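Let's take a walk through this protein together. Have a look at the sequence and the 3D view first, and then read on.

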Amino acid sequence: SPADIGVTGLAVMGRNLARNFARHGHRVALHNRSAARTTALMAEFGQEGAFVPTETMAQFVAALDRPRRIVVMVKAGAPTDAVIDELVPLLEPGDIVMDGGNAHYLDTRRREAALREHGLHFVGAGVSGGEEGALLGPSIMPGGTAEAYQSLGPLLESIAAKVEGRPCCTHIGPDGAGHFVKMVHNGIEYADMQLIAEAYDLLRHAAGRKPDEIAEIFRGWNQGRLESYLIEITAEVLGHVDPATGKPFVDVVEDRAEQKGTGRWTVQTALELGVPVSGIAEAVFARSLSGSAELREAARDLPGPGETWLDSAAADRFAEDVEQALYASKIVAYAQGFNEIQAGSAEYGWEVSPGAMAAIWRGGCIIRARFLTKIEAAYATGGAELPTLLSDEYFREALGQAQSAWRRVVATATQLGVPVPGFATALAYYDSLRARRLPAALIQGQRDFFGAHTYRRVDREGSFHTLWAGDRTEQER
Ligand code: NBP
């Protein structure tokens, strides 16, 4: 009998998604460019469910029930286009092609438009949770037509992670919406990881705690409002001892953070949309800085404040402050990311529900966390247009309670010379939004001085220019 769904691209991700579909009772057609992967999957896991292995793309397409539902899970970029080009002539109007790879949302918009010309549905779906998520339940962010989601959605929801019975998958919006949201998810992930890393650094180099002690502190935090996958794995990593040397694992790893590019895309896109995502940007820059060997080498001997540590009683109090600072900074980073989703949605007319994004990130994905429930609730109360999460009652109160500790942490870090770009930029963002008057007025004056760029006045409508080089009278422009 025909297969319910097909998966082409059977490397780690595709193979695990295919197995996940089969384990949920779906009949799955299999295809991979080189047949060896298909054969290997059948040999190892063929008993797990109903698989239809195929060798050629034509056989693969012929094995599928109509309208066909095809998941493409190959390397992002040119390989994805190559697979689509091979598929399209074999398909019929109404068929659905889903790209589950890490595509840029603009590529997804282009592909969606091209396939629409052929009467085909193209679904760009962000899939989060890595290899394990793909097998046991990822968070899935599919974009495309509502009609495509009607057909494909139930299959995706069946394999997605579940939180309190709800699947971590929902229709995000048209064309590139799914990949856009996945991109911002990754950007937020960068920021969250950076903030956690700074918290560790402070506990280590200001409070003088050892990695295994810090692992304990993180385990404690994971019992409270900071409960999340990232905090949980941080404690695991910090508690790990290198078998070869007996040293803390974190001390034998080179301190150069790598990146694949979704964080960078998030920041590039935010710059174009004019959304301040300073927390995500600092996180991307912090990774770049950590990898700039020459730069760091050249600056190694610059003077610092010297070895100063907090005394033991102060260190205990400081650890509590760091928890507050981490929570507050995390709220800011997420608020910024959600603003980018709102801005992308407005730009492209996607009508993405921010609250629904918080809901489907509660399971399956890397940033799954208890506090996403609070974000979902904030958008339920404030609506999809809520200007910032910071003004939601719950977050406002949490920030109010945290702010003194947050300031102490940033001040102490600054005094001791421990870099906290994530904490500091989050606090600066908080204070900038709070400010009654920003020095932007002065910048407008400077711009008008050197470039006659004009300014607006607080007391009258219109654009004005001061004759700076002349008698300094004001003209209305
Ligand atoms: P890879 O990204 O390593 O891609 C390998 C697959 O692409 C193989 O099936 C390979 O076929 C196929 N392929 C390539 Br390369 N060039 C091709 C071409 N020109 N035509 C047809 N097939 C081609 O696999 P992955 O790590 O499973 O990731 C798949 C997608 O999922 C990527 O877009 C990735 O960014 C995304 N993703 C990955 C993760 C993760 O944790 N790894 C998480 C979320 C999303 P072959 O076997 O014949 O070489």
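Asparagine 32 is a buried residue in this predicted model. Its relative accessible area is 6%, and buried means under 20%, so asparagine 32 falls in that class.

**Around the ligand**

Asparagine 32 turns up again here: it is among the closest of the 21 residues that surround the ligand, together with Met13, Arg33, Ser34 and Arg37. H4 makes the largest contribution, with three residues.

Now for some contacts with oxygen atoms of the ligand. Here are three of them:

| Residue | Part of the residue | Distance to a ligand oxygen atom |
|---|---|---|
| Methionine 13 | backbone N or O atom | 2.9 Å |
| Serine 34 | side-chain N or O atom | 2.7 Å |
| Asparagine 102 | backbone N or O atom | 3.1 Å |

How much of the ligand does the protein bury? On its own, the ligand would expose 910 Å², and the protein buries 76% of that.

**A patch on the surface**

Let's move to the outside. Val237, Phe249, Val252 and Val253 make up a nonpolar surface patch, and together they have about 280 Å² of accessible area. Valine 252 belongs to helix H11, which covers residues 249–252. Is valine 252 buried or partly exposed? Its relative accessibility is 37%, so valine 252 counts as partly exposed.

**A sheet with three strands**

Further along, three strands line up in the order E10-E11-E12, forming an open sheet with antiparallel pairing. Strand E10 (455–456) and strand E12 (474–476) are the edge strands; each has a single partner strand, so one side of each has no neighbour in the sheet. E10 pairs with strand E11 (residues 463–466) through two bridges, in the antiparallel sense. Tyrosine 455, for one, has phenylalanine 464 in E11 as its bridge partner.

Methods: Residues are numbered from 1 along each chain as its sequence is written. This is a predicted model: local features need pLDDT of at least 70, side-chain atom pairs count only at pLDDT 80 or more; totals for chains, interfaces and linings use all residues. Side-chain values use heavy atoms; hydrogens and water are left out. Patches are made of residues with over 30% relative accessible area and no salt bridge: like charges are joined within 9 Å, nonpolar side chains (Val, Leu, Ile, Met, Phe, Trp, Tyr) within 5 Å. Accessible areas come from the Shrake-Rupley method with a 1.4 Å probe; for residues, only the protein chains shown count as cover. A salt bridge is a side-chain nitrogen of Lys or Arg within 4 Å of a carboxyl oxygen of Asp or Glu. Helices (H or I, at least four residues) and strands (E, at least two) are DSSP runs, numbered from the N terminus. Buried means under 20% relative accessible area, exposed over 50%, partly exposed in between (1.4 Å probe, protein chains only). Two strands pair if DSSP finds at least two bridges between them. A residue is near a molecule or strand if one of its heavy atoms lies within 4 Å of it. A polar contact is a pair of N or O atoms within 3.5 Å; within protein, one must be able to donate a hydrogen and the other to accept it, and residues adjacent in sequence count only if both atoms are side-chain atoms.
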